[in-house]
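Welcome! Take a moment to look over the sequence and the 3D structure below, then read on for a guided tour in short points.

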Amino acid sequence: MKRTKIKDLLSSTEFGRQVVVKGWVKTFRNDRFIAINDGSTLNNIQAVVDFEHTGEALLKRLTTGAAVSVTGELVESLGKGQRVEVKVTELEILGDSDAEKFPLQPKKHSLEFLREIAHLRFRTNTFNAVFKIRHHLAFAVHQFFYSKGFVYMHTPVITGSDAEGAGEMFRVSTIDFDNIPRNEDGTVDYTADFFGKPTNLTVSGQLEGELAAMAFSDIYTFGPTFRAENSNTTRHLAEFWMIEPEMAFYDIRDNMDLAEELLKYVIKTALENCPDELEFLRNRLLEEEKSKPQNERSDLDLIAKLNFCLENEFERLTYTEAVEVLRNSKPNQKKQFKYPIEGWGADLQSEHERYLVEKHYKKPVILTDYPADIKSFYMRLNDPDAQGRRTVRAMDILFPGIGEIVGGSQREERYDHLVGRMDEIGIPRHEMDWYLDTRRFGSVPHSGFGLGFERLVLFVTGMTNIRDVIPFPRTPKNAEF
Ligand code: 4AD
Ligand code: MG
């Protein structure tokens, strides 16, 4: 007989039907009731075994984590909280699980503990919910772009360039560290390396994406991205996934509209497709709040937060306007920001961003037109303002509880301006010759952005540490599994 997934059985009304259920034991109580889960739903199915027929030896092996196959009749359940159960006629243990050694017990484990056993945490309800939502969000991203006729472009993981010019790259090399080949002047002889030149893992697919946009008009990438930034925070990973659309003939306004539409679309899809998972995580968060002292509790309701995001237009303002707002602000009664607002031109600290989003506007904010000196070389220069200050058409989207979720810009499509900026920063022209061809042959105004996928999953699931929304997190000094 073919196995039926638990999700389908739980909504079935075919009482009397013979079914086969396969899954893992969550609990076994009173020598009679097995709660089985197969990952298809957060809910378990109850399988009722009969001591007489099953025998003690088999029942002893029904420990948390063991894999089982049960065959029996689907019957209406008299128990509370479940409609159906399986009256077992045949029980087979597919894989034993030593109760003494299995680290997941039927109780609440802390997220910190579960992070240490990331290879087993898939089996908890929390991570079942988180990764199911992650899956639906990824699918929604593809649906969104597919419906708009964007072409999904695979950009390389190994590259010879630094797309962000920030120098935060992981080197890819086959050079033997114990026996480094050197030129006469002592520098490393890269001709001996696999590619014959220094290469690294990509920090962004944008530059290659721009090349493709100059042919297909609208493309997007969605792939792994690597940053060797030594930021041990709850928002940074060394390996994360990024969605990077790139559109010919889009200016910064079109770019902002697309980013806002994308974010709202994927959040709406999660609300529609993952009601059980979101409800579970919402309750989990409410529980967590209850365990805090009264004055530290927030009344945050995950589902209300997501709906709020859908119903409100994101606030749009320039960096210069944001600096004014921050200067006139009183973040709290007693003290100013930990990092005071420096003069115009300094980058905003995450506490400033969070103030704007969480305290001042109380909704997502799109900040534009940042000082040129704190942004990447490829962003389009604005004409200098009345004070002679130079800004670029950058746009960052800031989300409550997250900070920056999207970073993007209108691109500098004018060849002379672009090479001028590269010279200024010290990016060698010959290394970027292929990129400069986009500006030599049929250059057009174009724009794009990068959406950090894990930051999106953080927002939608209400989790607070980015290590808990990617299956196998890579962070400084941590690349286990
Ligand atoms: O702002 P970033 O660095 O922008 C770029 O890489 C552009 N090339 C994107 C583009 O215009 N095509 O990164 C974009 C987003 C950030 O807003 C953030 O959400 C996420 O990527 N991000 C990270 N997420 C997790 N861990 C990290 N270390 C991240 N660095 C950036
Ligand atoms: Mg950024």
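The protein chain falls into two parts: domain 1 covers 6-106, and domain 2 is made up of 123-168 + 203-468. Please keep in mind that this is a predicted model.

**How the domains meet**

- Taken over C-alpha atoms, the centres of domain 1 and domain 2 are 45 Å apart.
- Five residues from domain 1 and eight residues from domain 2 take part in the contact.
- On the domain 1 side, the touching residues are three nonpolar and two polar, with no charged residues.

**The nonpolar cores**

- In soluble globular proteins, nonpolar side chains tend to be buried together.
- Here the largest nonpolar core has 80 residues, and the members that touch the most others are Leu 137, Val 266, Leu 456 and Val 460.

**Around ligand 1**

- Which residues come nearest to ligand 1? Out of 22 residues around ligand 1, they are Ser 204, Gln 206, Gly 407, Gly 450 and Gly 452.
- Four elements each supply at least two residues of the shell: β11 (239-248), β15 (403-410), β16 (446-452) and α14 (453-461).
- The largest share comes from β15, which gives five residues to the shell around ligand 1.
- Sorted by class, the shell around ligand 1 holds seven nonpolar, eight polar and seven charged residues.

**Two residues with positive phi**

- Most residues other than glycine have a negative phi, and most peptide bonds are trans.
- Asp 31 has a positive phi, near 55°, and is not a glycine. Look for Asp 31 in the loop between β1 (18-29) and β2 (33-37).
- Is Asp 31 buried or partly exposed? Asp 31 is partly exposed, because 13 other C-beta atoms lie within 10 Å, while a residue counts as exposed at 12 or fewer.
- Phe 249 is also not a glycine, yet its phi is positive, at about 70°. Phe 249 sits in the loop between β11 and α7 (252-273).
- Phe 249 counts as exposed because it has 12 C-beta neighbours inside 10 Å.

Terms used: Residues are numbered from 1 along each chain as its sequence is written. Chains are lettered from A and ligands numbered from 1 in the order in which they are written. A nonpolar core is a set of buried Ala, Val, Leu, Ile, Met, Phe, Trp, Tyr and Cys residues joined through C-beta atoms within 7 Å. A residue is buried if 20 or more other C-beta atoms lie within 10 Å of its own, exposed if 12 or fewer, and partly exposed in between; C-beta atoms are placed from the backbone. A residue is near a molecule or strand if its C-beta atom, placed from the backbone, lies within 6 Å of it. Ala, Val, Leu, Ile, Met, Phe, Trp, Tyr, Cys and Pro count as nonpolar, Asp, Glu, Lys and Arg as charged, and the others, Gly among them, as polar. Domain bounds come from an automatic or database domain assignment. Two residues are in contact if their C-beta atoms, placed from the backbone, lie within 7 Å.
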